[in-house]
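Hi there,

Here is the structure I promised to pass on to you. Please open it first, and then read my notes beside it.

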Amino acid sequence: MKKFTCIECGRGAEELYRDFGGGNLKISHCDHCEQVVDKYVEFDPVLVLLDALLHKPQAYRHILLNSGIQFHWRLAVICLLCDAYIKWAHLKSADTTDTQHHMGFYALEWDFYIMFLLATTELAVFLGCCMLLLQFSRKALLSPSLSFSSVVRALLLSSFGKLLVIPAVIWGETNSPVYLGLTQLFVFTCNSLAMRVTLDTRQDVSCGLVAMCLLVQYLTSLSLHKLLHIPT
């Protein structure tokens, strides 16, 4: 099994560069497409991030398949905090009774904890649904060399778009359906591209997979809101 992946054609590669000693490095070329295996090894991380924002598959292949980034769980926690804050702000604005004026700091904090648990449950349902679908179609979508942990890592890293709610908090747009809707659309396209790159499949297949998982997540969220009597 080859350790790296060519960011241009998606084929396996033995190395990204060759070290001849004395600081002499030579970038490796792909045996199949004869292009540079991973040009991003020479790029500044900011440029890599900009290309990822532009949805370039090459940037996603570098980040998900060649970089070895392992801070996806820390990023997931930050994204969960962002989700929880948006839910908490929506709950606060939906409460039109006078009771919210008599609530103390600890009551508000307790509501935020509930929203954080709700966001965590939704994420767990989304990832669990994705793993279940991949398990049923393992021969068609999941190669023997690819593990479920790689898929989870790809989904968590590609959810970085949820951090866009931070500007919404700064600008006071936490209740703007247009801004939040565009943010969710951006996260959906990022997740779809990440699945396309990780599973090495077609774009329509990855979009369908992510859309089904989001639908199950949405239905679960509605059920939990009704169960806990939380305004939607």
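A salt bridge is a side-chain nitrogen of Lys or Arg within 4 Å of a carboxyl oxygen of Asp or Glu. Asp204 and Arg202 form one through their side chains, at 3.1 Å from N to O. Before going further, please keep in mind that this is a predicted model, in which local features need pLDDT of at least 70 and side-chain atom pairs count only at pLDDT 80 or more, while totals for chains, interfaces and linings use all residues. Residues are numbered from 1 along each chain as its sequence is written, and side-chain values use heavy atoms, with hydrogens and water left out.

**The chain as a whole**

The chain has 10 helices and four strands; both are DSSP runs numbered from the N terminus, with helices being H or I of at least four residues and strands E of at least two. In sequence order the pattern is β-β-β-β-α-α-α-α-α-α-α-α-α-α. Of the 232 residues, 38% are buried (under 20% relative accessible area, with exposed meaning over 50% and partly exposed in between, for a 1.4 Å probe and protein chains only). If we take contacts (heavy atoms within 4.5 Å) between residues at least 6 apart in sequence, 63% of them join residues at least 24 apart.

**Salt bridges**

Side chains of opposite charge can pair when their charged atoms come close. How many salt bridges does a search of the whole structure find? It finds five, including the one between Asp204 and Arg202. Arg202 counts as exposed because its relative accessibility is 53%.

Another joins Glu15 and Arg18, at 2.8 Å from N to O. Glu15 is partly exposed at 24% relative accessibility, and Arg18 is also partly exposed, at 46%.

Then look at Glu122 and Lys87, whose side chains meet in a salt bridge of 3.1 Å, N to O. Glu122 sits in helix H5 (residues 105-136) and Lys87 in helix H3 (residues 72-94), so this pair ties together parts that are 35 residues apart in sequence. Are these two residues buried or exposed? Both Glu122 and Lys87 are buried.

**A residue in H3**

Leu75 also lies in helix H3. Leu75 is buried, with a relative accessible area of 11%. Leaving aside residues up to four places away in sequence, Leu75 touches Leu156, Leu157, Phe160 and Leu163. Leu75 and Ser158 are 83 residues apart in sequence, yet their C-alpha atoms are 9.9 Å apart in space.

**Two helix pairs**

The axes of helix H9 (residues 177-199) and helix H10 (residues 203-228) are 8 Å apart, and the helices pack at an angle of about 125°. Axes here are lines fitted to C-alpha atoms, for helices over the stretch in contact, and angles run from 0 to 180 degrees between N-to-C directions. That makes H9 oblique to H10 (under 35 degrees is roughly parallel, over 145 roughly antiparallel, 65 to 115 roughly perpendicular, and the rest oblique). Among the H9 residues that meet H10 are Phe188 and Leu199, and among their partners in H10 are Leu209 and Leu214.

For H1 (residues 45-53) and H2 (residues 57-66), the axes come within 8 Å and cross at roughly 120°, and H1 and H2 are therefore oblique to each other. Val48, Asp51 and Ala52 in H1 meet Ala59, Tyr60, His62 and Ile63 in H2.

Enjoy exploring!
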